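User: I would like to go through the strand pairing in this model. Could you take me through it?
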Amino acid sequence: MPPSTLPLSMLHLRTGKLLLRPFVPGDAPAFARYRSDPDVARYQSWTSPYSLAAAEELVTQMQGRHLVPPRPGEWNQVAIQLTDAQPGDTTLIGDCVFRVHPDDVGQAGIGFTSSKPLQHLGYATQAVRALLRALFDDMGLHRVTAACDVENRSSQRVLERVGMRREAHFVQNMFFKVAWRSEYAYAILRSEWSAGVTRPPPPFVGLAPSPTGRRFSGLPEFPNGHPLPSFADSGQP
Ligand SMILES: CC(C)(COP(=O)(O)OP(=O)(O)OC[C@H]1O[C@@H](n2cnc3c(N)ncnc32)[C@H](O)[C@@H]1OP(=O)(O)O)[C@@H](O)C(=O)NCCC(=O)NCCS
């Protein structure tokens, strides 16, 4: 199915206390700030500190993005802000990304990040639900996927809370910054989303310490620092 015309609502999704909207130039400082937090960067593609120049570059790139409809193969970054912040306060508190698969426009991959002071408040879960609603209900996609490091429990809990199914456990499938790392692959079908599927969390699979004894620190570096699910993106440069 082609990525049909995406309604404008995709660009301004309101959900609970959140607004998902396109990036604007003023977002760069907050974006650089939360990406610079080593805990936020740990399982992601970029390294901390994340410079203001890098943030400005990515934000500028997003200005030219075709979100309506999205171009297959391009990662689209969507800004998240609070709706009940001080009047005029449009500060970014996180972001979601999505990419319609370059070879299969019925499928998309997603990713998400919250700034640390605003984690554990349910915002990432809310934002991902809003994104899934847009991808399934507005765009009519067939399947949405995500991948995360096996040690990234917060991400797994978000993915499971929104009803995504753990489909695969890739063992040391990627060399990431300092070590070979393992990933879980998640997915949800439109039929499952529409049926409001919920899933019990799968059992935790314990991990042996990494050979280097160091913690994992992110997903592979891709152009523009997008948190690209590696299992689904072999065609990515
Ligand atoms: C993964 C990540 C986005 C989760 O963000 P978050 O905003 O904390 O996510 P949520 O608040 O929706 O859910 C996290 C916690 O909040 C709790 N929560 C959910 N709704 C809540 C609510 N209404 N009130 C209070 N707490 C709530 C959840 O129980 C959950 O707790 P747990 O982690 O102990 O299970 C965040 O940790 C992050 O940015 N990490 C770095 C980037 C990253 O790894 N991204 C994923 C790449 S695959």
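User: Which residue of β5 stands opposite Val97?
Analyst: In this predicted model, Val97 stands opposite Gly111 in β5. Strands here are DSSP runs of E, at least two residues long, numbered from the N terminus.

User: And how many bridges pair β4 and β5?
Analyst: Eight bridges pair β4 with β5 (residues 104-114), in the antiparallel sense. Two strands count as paired if DSSP finds at least two bridges between them.

User: What about β3 and β4, parallel or antiparallel?
Analyst: β3 and β4 (residues 92-101) are antiparallel, with six bridges. Within this pair, Gln77 is opposite Val97.

User: Is β3 buried or exposed?
Analyst: Six of the seven residues of β3 (residues 76-82) are buried, so the strand is largely enclosed by the rest of the structure. Buried means 20 or more other C-beta atoms, placed from the backbone, within 10 Å of the residue's own.

User: In what order do the strands of the sheet run?
Analyst: The open sheet has eight strands in the order β1-β2-β3-β4-β5-β6-β8-β7, with mixed pairing. β1 (13-15) and β7 (165-176) stand at the edges with a single partner strand each, so one side of each has no neighbour in the sheet.

User: New topic: what is the mean pLDDT of the chain?
Analyst: The mean pLDDT (the predictor's confidence in each residue, from 0 to 100) is 83, and 79% of residues reach 70 or more.

User: Which conventions apply?
Analyst: Residues are numbered from 1 along each chain as its sequence is written. As the model is predicted, local features need pLDDT of at least 70 and side-chain atom pairs count only at 80 or more, while totals for chains, interfaces and linings use all residues.

Note on methods. A residue is buried if 20 or more other C-beta atoms lie within 10 Å of its own, exposed if 12 or fewer, and partly exposed in between; C-beta atoms are placed from the backbone. Helices (H or I, at least four residues) and strands (E, at least two) are DSSP runs, numbered from the N terminus.
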